[in-house]
Structure formats: structure tokens, C-alpha cells
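Thank you all for coming.

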Amino acid sequence: MSYLIAFIYGAALFYIYKFFPFTSILISLVLLLSEVGRQKAEYRLKRGKKDTGSVLRLLSSVLCALSSAAGFYYAQFSYAPVQPYSDVAGKVIEVRGTARSEAARVNPGTDAFSQIVGIKHATDEAKKPLNLKELRLISPVALLPGEQYLIKVRIPGNAYFLNPGAYDRRLSGYAAGVEVDRSKPEGNPAKDFFGGLRARLNKGIKDNFSGESAPFLMSIITGERGLLPGDVNNAFNVTGLAHILSISGSHFGLLLLVLFGLFRSLVKMAPYGLLYRLTLYITPSQLAATLCMPFMIAYLGISDMSPPAIRSFIMIMLFLFGLLIQRKGFWLNTVLLAAAIIIAIQPDSILDLSFQLSFIAVLCIGIAADKRYGGPENRGHREPEATDHRKRGLWKTLRVTLPPIRRFVASSLRISLAATLGTTPLVAFYFHYFSLVSPLTNLIITPAIGFIVLPSALASSCVFLMLGEFPLHALISGITDFILDSIKYIAQWDFVDIKIPAFPPAVLIAFYCGALFYVIHKYRNGLSVMSNELKNKDSSSLSSSRITDYASRSLAVAVLPIVIYTGIRLFEHKGIRITYLDVGQGDAAVVELPDNRALVIDTGRNGLQSGEFLRYRGIKKIEAVVLSHGQVDHAGGTRYLIENFRISEVWDNSRLVYPEGLLKDIRHRGLRRGDVISGSGYAITVLHPYDGFYVADTGDTDENNDSLVLKIQGRRNAFLFTGDIEKAAGENMAYLGGHLKSTVFKVPHHGSRSSVSEAFYRAVSPGLAVISLGRKNPYGHPHEEALEALRNAKVFRTDRDGAIGIRETADGKLEVETWREFRFSEAHTASAEVVNLKKLFLVW
């Protein structure tokens, strides 16, 4: 086990070393010296005694160090950095790849399809190789999953966005030409065979099941998740059931349970003579294990081969191999061996979130059930003595007398809580929520899916592949619809989850380090108790108490950073905080006000970037969505925000018309010049438009000039938002003079020359200017005239800097940060590493 841990540590160390080289070396030296110190301490304790194990322990330590070095250099040798998206943005590339997902329409009624394409080979226009793994392709034709294609892909300039909270950073592109690759240079017969079965099964499910049942059944049988509706995905997430949508240990475990029990029963039903001759060479369990193996391979073959599926397959096969050699083994060795094998196949899988979540969940479940950690095997499962009921505590007596079904429920709840609590910090760090109903839903809904839907669906799928018909179609469809409706109903509860704002990586690291030390001390305590029981000694010995004390301190190390950080956040000064988001050629900003209210000023084209950032900040309710005007690059994400967040009001320039029913239960406020909305520590003043405003024959666009212009006044600083106003509107407002003066200026119309009004810019006279625009946009934004007009201001640009955050402090000063500076960068010097270390304690 130690060698496996050392190998995994070495592989992880390689990726840490790129950002923290000196810290990585220091940590490794500390671990090595602590091991040497432990060996010396043991030697001194046994001085004068015959100890034949010292040399073996020393050799074991050396082998652990070598295993760690092997993991480090293996990861280094296998490392191939992914091509920076900036290298291909705005270009046409040629891709040879395979469609990995089913085609999903981008919008209902259109002929544009979205699919994930796995890339085998890619080149740029100069035929230079590109290291790209996959991309999301938007194509006018639906690609057949498993088929290999040659595709010319036009990568837009806005192929990526640099914002806090942007988790899915998959490259996107538009098909400029698609043809089937007839050469098949890298064909794999086995993979092609299973790929054909998977495609056939997906088609059969789509043809035989309707509504939301089809995509759900595809997700648990073949791993195809591309067709799942967004509301279903979200419902599974907030109820803590997202793991069901990804083929993992529960799916493989259930299939093995059914098949193993079936095959062993069939073997025992064989005629006595045949059974007698078989058992001379092999036990029924060994024969059942052998028969199960091909079915496990087939299930993996038709799945999506995701890290959780591969991990589960490896663990199941190791378990079956243990049955064949009649050796059960220790569950932790199996988990670690599975991890080591996956890392050996693909070292960078250690960075994959699904890999991390699945292994943490399995470790927590194992620890909760293992008697060495104080699990149920060590507590309450022994037969009670007849004379000790008065000596027992009430709780222990109740546990002994609980009926089996209650004990099973208690054990299941314990395991569910262990998996939930173990993965909660990682889920909160990436997805910014905590499901309050997860233990309950996993106790009730997971078994319903696992014991009813999945077995019947798998059995029907096997029949379909052989006969072309789905038996039990109506039954499966009815049960599936009922379960999905129940999950969506629970997801609508107000208390279903808690939104968690982003927190520094150091808090996450401290939690898992403390939890790791806690588990180690509990393990040693468990071994001490078991050893004392075997020796008929009192389990509350000094060493056991000391270990328990260490365990309590380790648990405090895990929890204390969370408590401290929460306290800091509760009592920190809350000034105006504005984040100008990178939404490409468009506008979107999130304003967090001192009274904890949040405004979204313009939404971008689809609202996705705004939504991601709101979740990152833990914002569930938007006080007002403010639309400067109705063009899609400013207001296109309105519907998305309405459907995914609670919105109190929508503010606009009094000139917008909304689809019927869109603003149901949302207050609409049309703003005009002179309107003022104020609160504790701020005031919002409307400067434009007004009822009598119109554009003379200047060539300017009326819709742009009608943009809503807002000034947000903080303690000492003012922030001006200008939408897409052109020169005419700017000159019309210039006479307002001092009312326009602002510290921070959101430059109108993405820095276009048509918006430059010298008088208006002079009246604003900003110290900081923010231009929201797309990378390599076809309009030439920002124009030189706009930059020249801003010569006295410090200019920030979303195409270059990513998201731009500006916060007013308690003393009225402004703090500015950009996402490009906020990200971790590879460190080649000590000073660069110090900067990365500081970023561990920062949050946007």
C-alpha cells in the first residue's frame, strides 16, 4: 500500500511542482526526514534487542522514495501541454476525430447541432500539429457517434472566456467542412465493435422512449449525457444525485451483484455429478466470478469510458481476481491500485474533477464502513453478553437490539453522510453549493434507480441488441418518469441547497490535510484497540488515548480554517464591488452593493458567463437585471438568468418590449433621466435617456443612442455605465458637466470610434476605463480614436485582461484585479512562486 501511495504522490507532485517548485521540494524533504526520524526512533527503542525488521523497514522506506520518484518522472515523461486556446482563436484548423456524443440541436427548430468531438490529430492552416484533445463542434449536420471524420473547424475569436467560476473551458468551434475519413489510420476493431453497439443502443433508446426518459436512460446505460435537458441536470446536481448520471461504482456494483448471484445459483442448481466434478477444480464462487468478467468488459465497452467508469471497472476486476485466487484483500489496496493503474494509463487524469470526486467518495465510504476507523464493523455488530445491559449505555443497548432493517438504514445513512461530507468541500469549491437533501435522496432515490430502473433497463437493452425489441418498455418508462418528476419536484424546494461563495484554495487544502491526518490517527487508534482486545487489555490505554487526542487535533486543523474564513467574510467591510465580465463582443457586469444586493448590468449574448460568476460568488437572488438596450450582445442572456435565478426586478430604458410571460412575477421598471435609487452606502442615478431625446440625421443608431446610462456613487468613487451610446447621445449629455464626473468609466460601444465625443469624455474625466470587447473582433475595436480620448486614464480591456474586478475599500480607495493576473502561472523563480503562494489565500 505504501508504494502505491508513493507512486500517486509522485505523479501529483509533478503537477504541483510546475507552480510551487521550491515548496514541493521542501514538503518532500520533510516527509523523507520524518520517515528517517521514525526509523531512528524505532531503532533506539529496540537498542540491545534482537530486531531483524530494521533493515527491511529501511529498505521499505527507500522503495517508497523510489516509487515516488517513478511517479514523478513517469508523469513528466507523459506530459504534453494542451495547446493554448489563444493560439487557435480566430483561425481555421483541420481536425481528424470521432464524435463522442449524440447530436443535440443548439436551438429547437434549427439545423445547427452541438457535439463533442474527440481529436486524434489536428493541424493549423500551416499544417503545424496542434495538441488538442477535444472540442465542442457546432455543425449544420449531425455526426454519427463513433464515426471518424475530417473536419475543417473555424474557431471564433471568442472561443474562450477568462472569468472567475468558468469551470467548463472546452474549446468550441464551427464546422466549415465535414467529410467521413475513409482512411481509418488508427482503427481499433474492439473499440469500433463496442462503439457500434453503443450507437445502436442509443438510437434504440431514442426511438422507443420519449420525453426526458430517453436521455436519462442513455446516461446510465451508455454514459451519453449530451441530450440531458439543463433542468434535469440541475435537479440532479442540487439534490446530490449527480453521480447517478455518470457510470460509476454503483452501476458496476449492482450489475455484478445481480450477475454473480445469478451465476452462482445456476452453478449450484447443476446436477450433483457435474457439480461434484466441477468443485474438484473450482468453487462455485470462482466459476461465477469467471462468468461475470465478460459482462463487466461488455458494460465498460458500451459505456463512455469516463474516469469513474474505468476506475469502477478496474476495482471490480480486481475484486473478481481476488475471488479467483481466493484472497479477499484490503479494500484500500484495491482503491489505491485502481488509482495507480489509471494514472499509469493517463497521468493527467489526476487533475480530472470526476477522478478526484469518485476516489474521495470511495475512500470516505470505505473509511465509514471499516472497523479500523471505528466503522460499524467495530461498533454494535457483536453479540451482546447476557449480564452487561446495566453497564451498557442506553445508545449501545438500543443499537444491539435494533432490528436488521433499522441497522441497514442506519448503516446506509452513515455511508451516505460520509460520501457527502467527504466530497462537499471539493463540490463547494468548484460548483459553489451544498445539497442539504443529499443524504435523504441518496437513501431513497438511489436504491430505487439502482434496484429497479437500472437492472430492468440493462436487461431490456441486452434483449434489444439481440432481438431488436425493448421488453418492459411501458413499465420502465413509467417508473423513470415518476422518479424524474420526483427529483425535479424536490429540486424546487427553497431549502434544497445552500449557495456557497468562492473561498481560497488554502482553505480546501487545509481541510483535506487535516482530514487525512485525522484518518491516519483514527486508523492507528483502531489498530491499537484491536490489538489490545486481542491481548485482553483495556482498550482505553495511554497510547490509544494519545492517538485519539492527536485525531481530535487533526480534525480541528480540518475544520478551523473554514470557521476562521467564514468569520472573516461575515465581518469584512462591504463596499461596492463591480466585476466587468469577459463575454466576448458584448457587455455584462455584476455589481455587488454594500447592502448585499446584487445587480446584473447587461447579460452578454447568452447569460452563461454571468450565471457562472453569480454562482461563483454564491449569489442566488438578483435584485435587478439592468438592460441598457435590447441588442443581443447586451440583453441576449435575459431569459437564461430569469430561468436560473430569482430576480426581483428588471430595469431598462423604457423602450423595450418583452415576450409574453417572460417577466411573470418580476417587477418591470422603465428608467428615465433623473430617477435615483439609493441604499446604504450608494446611490444610483439615471443620466440617460429622457422622453424628449431623439437622434438627428447623423447616421448614428437610435437603439444604441437610447442606451440606459447609470452612475453608481459609492463612498468616494463613482462608476459610470454607458451601454452602446454613440456620439450624439454623448454630446447631448456633455452639458451635465460635473454630474458625469466618474472615477471608473465603462467605455461605450466596445471602444468604437462612433462613440467618441471629446466633450463627453472630458466631462467624465475617469481615472480608470474599462472596455468590454471580443478578441480578434471583426470591427477593429477598440479604435485608436477611443484610446486617444482615454490617454489620461488607465485602460483595462476584457479581451486582454479577462474579467476586471474593482472594489471600493472602507477608506474610499479602489482595488483593481484582473483574471489574467489572478490565475496561477508556472513558476521558474522563487519570486514567481511567492506570488503563487499568495494566490492560495486569495479569492476574487
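I will start with the protein as a whole and then turn to particular charged pairs.

What you see is a predicted model, in which local features need pLDDT of at least 70 and side-chain atom pairs count only at pLDDT 80 or more, while totals for chains, interfaces and linings use all residues. Residues are numbered from 1 along each chain as its sequence is written, and side-chain values use heavy atoms, with hydrogens and water left out.

The protein has 28 helices and 23 strands, which are DSSP runs (H or I, at least four residues, for helices; E, at least two, for strands) numbered from the N terminus. Of its 844 residues, 47% count as buried, where buried means under 20% relative accessible area, exposed over 50% and partly exposed in between, with a 1.4 Å probe and protein chains only.

Taking a salt bridge as a side-chain nitrogen of Lys or Arg within 4 Å of a carboxyl oxygen of Asp or Glu, the count comes to 22. Lys203 and Asp207 form one of them, at 3.0 Å from N to O, and both lie in helix H4, four residues apart, about one turn of the helix. Lys203 is exposed at 51%, and Asp207 is exposed at 55%.

Asp497 and Lys499 also pair at 3.0 Å, but here Asp497 is buried at 6%, whereas Lys499 is partly exposed at 29%. These two residues and Lys620 are linked in a network of salt bridges.
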